[in-house]
Amino acid sequence: MPGYLNIHESDTRNLTSWGNYPVVESSVFMCNDEQEARSYILNEGTTIPRGNGRSYGDSALGKNVINLLQLNKFISFDDQSGILHCESGVLLEDIVRIFLPQGWFLRVTPGTKLITVGGAIASDIHGKNHHQAGCFSSNVLDFRLLLSDGTCITCAPDQNSEIFRATCGGMGLTGIILDSRIKLQQVTSRNILQQTIKSENLQSTFDLFDKHELEPYSVAWIDSLASEKNLGRCLFMKGDFACDGNLNYSPSKSLNIPFYFPVFCLNTMSVKAFNYLYYNKIRDNFIESTVSVDAFFYPLDAVNNWNRIYGRQGFTQYQFVLPKEKSFDGLREILIRIHRSGQGSFLAVLKLFGKENENYLSFPCEGYTLALDFKVSPGIFRLLEELDKIVLSCNGRIYLSKDVRMNTAMFRKGYEKLDGFLKIRKELRADAKFISLQSIRLQL
Amino acid sequence: MEFILILGAKSDIARALAIVYARHGYNLFLAARNAKELERFASDLQIRYQVEVRMKEFDVTEFSSHQLFFTSLNPMPSGTLFCIGYLGTLPASAKEITEIVHTVEVNFTGCATILSVVANEYEKKRTGFIVGISSVAGDRGRTSNYIYGSSKAAVSAFLSGLRNRLHPSKVHVLTVKPGYVRTKMTKDLSIPEKLTSSPEKLAEHIFRSQQKGREVIYSFRIWRLIMLIITHIPEKLFKRLSL
Ligand SMILES: Cc1cc2nc3c(=O)[nH]c(=O)nc-3n(C[C@H](O)[C@H](O)[C@H](O)COP(=O)(O)OP(=O)(O)OC[C@H]3O[C@@H](n4cnc5c(N)ncnc54)[C@H](O)[C@@H]3O)c2cc1C
Ligand SMILES: NC(=O)c1ccc[n+]([C@@H]2O[C@H](COP(=O)([O-])OP(=O)(O)OC[C@H]3O[C@@H](n4cnc5c(N)ncnc54)[C@H](OP(=O)(O)O)[C@@H]3O)[C@@H](O)[C@H]2O)c1
């Protein structure tokens, strides 16, 4: 396991992100408004911005952390253009709850609505429609960024554009996003017409993605424990907003997992059973259903703290992308490797990305991305290093927002625009101010 | 289209109340000094809860402006929440004349003048409710804050009289006596964690009590007991205590 320095400070608390790993002592500043953020930046040492802590690894962890959840005011909404102006701590959950009944929805949304607008920009998140809609940043008109010297600038694709491109996907390492104007899309329903199609192997999985390229939303759940002729079999899900005009949305309730699951719940047997059940739930090759926005986009939000099922040791998500031409062979090799290790992943989500954008550190590039969850255990990091080698040999890269353990070499090779990012970070003197455990680990 | 008026809307307790009332669909007049500073708070409430929120300039020590201030509100608010308070700098507050005068004017005189204006209008219309935030400090004077405390005692007595007077007109008056609340007012004081509540919890309690038509509430109940004990300590003994 990579070692984490033990950070001790006077008014400190234990902090961790979604993976529950690592847990570090850090001093957390709860910021209530812009003025407080500015005087904190001017008077305190290094820090890292934090939204809702839904990144899996160490991106939002540090010795000092500025928590922006209280910077959560809506500023304006134009119901003609769908332009929403809000502070960076606003949760996507609130945007959906408030605006879906008015016929507006996020243009790009991740698999959870429990993240902040700031976090969505800083990770330049992607959704099930990346192949058509790109990343979150493609709907960001502008934002205001608080810099290391306490000044504040507006960044947009055509204003301070280099800083804009470094901040979208920049993991909080250029400054603090204070507020932003984002564009919502008009929708006709709270419902999604969903089709689920069963595939028998990796080739037919790939064929499905190609065939349904024009469908706005698509994703596949891979059975990561299947092997041989079943390798890469999946449930492929695609969908689009229904046309029923029903906007009567209220968020679905979620359950709690009140304690840390004992570790034995997750031995290979139970993972196998889960995957088996999930896969065999579907008898026909094709199912059509109408599901709510919550069920379609945010199935995991149905259970609060589901991250606890991995036990106290925590877990990590390994998400990589491989360029399209290398995707098939690379994925095959990786799935075989995982199967051999017997360390099956609870979730294995596959998605075909569209074109790469211009941002310095945004993750998506054209090709297939796979996300796998692994419980933290002594053997797991060795396995992931082996997977790294395969990803590298295919010129792929790993998603910073999920990462907690990759090494510098892996990172440098994956992100070829890194030098440009580092230059901007230096010019902004952000390298002496905004420091996360991840930025230290990756020498960012 | 029901509006309510929040006086001292920048107070932390008032903000929490604004959120609760907006969540229940009430439109708001937010009255405060430099009310413009509430702009972002107001826009957030409007968008989140789809209610109308208007900001109004109000200084509770400008007594002669109170009549015009209230009657120019259109529509007339169906309820008024008084959340203004001034703790004073301790213990100087008891020694400096200007500080004493100011404490009494903000906490009591201003409260009595604006709420009298409100009461007159509500009495005429035979409808409306008034919520006044007093304090447990008004139940018995003690060294550490007796200027503040005595002004709050006056507030409690005033509200009790107002309730008595307005009862026939069906205008309801709620007196709130909070114990310790974690707000701007108490941020530099060391107060016992276990006896301290949050503005959010207090606001929920006030909203429920107002809707149910309760008369006097302590927040939270433990404070009723604490104050019962404190008010029953014989003066001979009480004067020796350092409280
Ligand atoms: C169940 C689940 C599903 C997910 N699905 C997806 C998915 O489909 N697609 C996807 O792309 N991601 C996905 N994610 C990852 C998640 O969307 C990102 O990690 C996101 O950044 C988390 O936002 P947050 O507000 O929780 O930020 P945090 O986790 O608190 O922070 C994440 C990063 O953003 C920075 N940051 C936060 N706020 C600011 C700010 N105001 N200014 C500057 N920097 C800031 C932090 O420094 C940190 O580097 C998923 C996560 C979970 C738990
Ligand atoms: N916190 C507690 O423990 C506690 C306990 C018992 C009772 N209370 C009472 O609860 C009420 C709310 O207080 P709080 O705790 O929320 O504290 P707070 O945040 O400090 O609020 C006090 C408010 O009074 C306003 N004010 C002071 N002088 C004014 C004037 N001349 N004109 C207009 N407004 C004026 C202040 O306005 P500015 O923002 O412009 O300064 C401030 O918003 C007060 O009545 C207080 O006495 C509080």
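Trainee: Which residue of chain B forms a salt bridge with Glu34(A)?

Mentor: This is a predicted model, in which local features need pLDDT of at least 70, side-chain atom pairs count only at pLDDT 80 or more, and totals for chains, interfaces and linings use all residues; side-chain values use heavy atoms, with hydrogens and water left out. Residues are numbered from 1 along each chain as its sequence is written, while chains are lettered from A and ligands numbered from 1 in the order in which they are written. A salt bridge is a side-chain nitrogen of Lys or Arg within 4 Å of a carboxyl oxygen of Asp or Glu. The closest N and O atoms are 3.9 Å apart, and the partner of Glu34(A) is Arg40(B).

Trainee: How many salt bridges does the rule find across the interface of chain A and chain B?

Mentor: The contacts (heavy atoms within 4.5 Å) involve 15 residues of chain A and seven residues of chain B. Across this interface, the number of salt bridges found by the rule is three.

Trainee: Which elements of chain A each supply at least two residues of the side that touches chain B?

Mentor: Elements are DSSP runs numbered from the N terminus: helices are H or I with at least four residues, strands are E with at least two. By that count, the elements of chain A are β5 (74-78) and α2 (92-99).

Trainee: Why is one side of β15 and of β20 of chain A left without a neighbour in the sheet?

Mentor: The open sheet has eight strands in the order β15-β11-β13-β12-β18-β19-β17-β20 (chain A), with antiparallel pairing. Pairing requires at least two DSSP bridges between two strands. β15 (286-292) and β20 (397-398) of chain A stand at the edges, so each has a single partner strand.

Trainee: What angle does the direction of helix α9 of chain A make with that of β17(A)?

Mentor: β17 (residues 315-323) and β19 (residues 367-375) of chain A run antiparallel, joined by nine bridges. Helix α9 (residues 324-341) of chain A packs on the sheet, touching β12 (217-222), β17, β18 (348-353) and β19. Axes are lines fitted to C-alpha atoms, for helices over the stretch in contact, and angles run from 0 to 180 degrees between N-to-C directions. For α9 and β17 of chain A the angle is about 145°.

Trainee: Which residue does a cis peptide bond join to Tyr21(A)?

Mentor: Most peptide bonds are trans. Here omega is about -5°, and the second residue lies in the loop between β1 (13-15) and β2 (24-30) of chain A. The residue joined to Tyr21(A) is Pro22(A).
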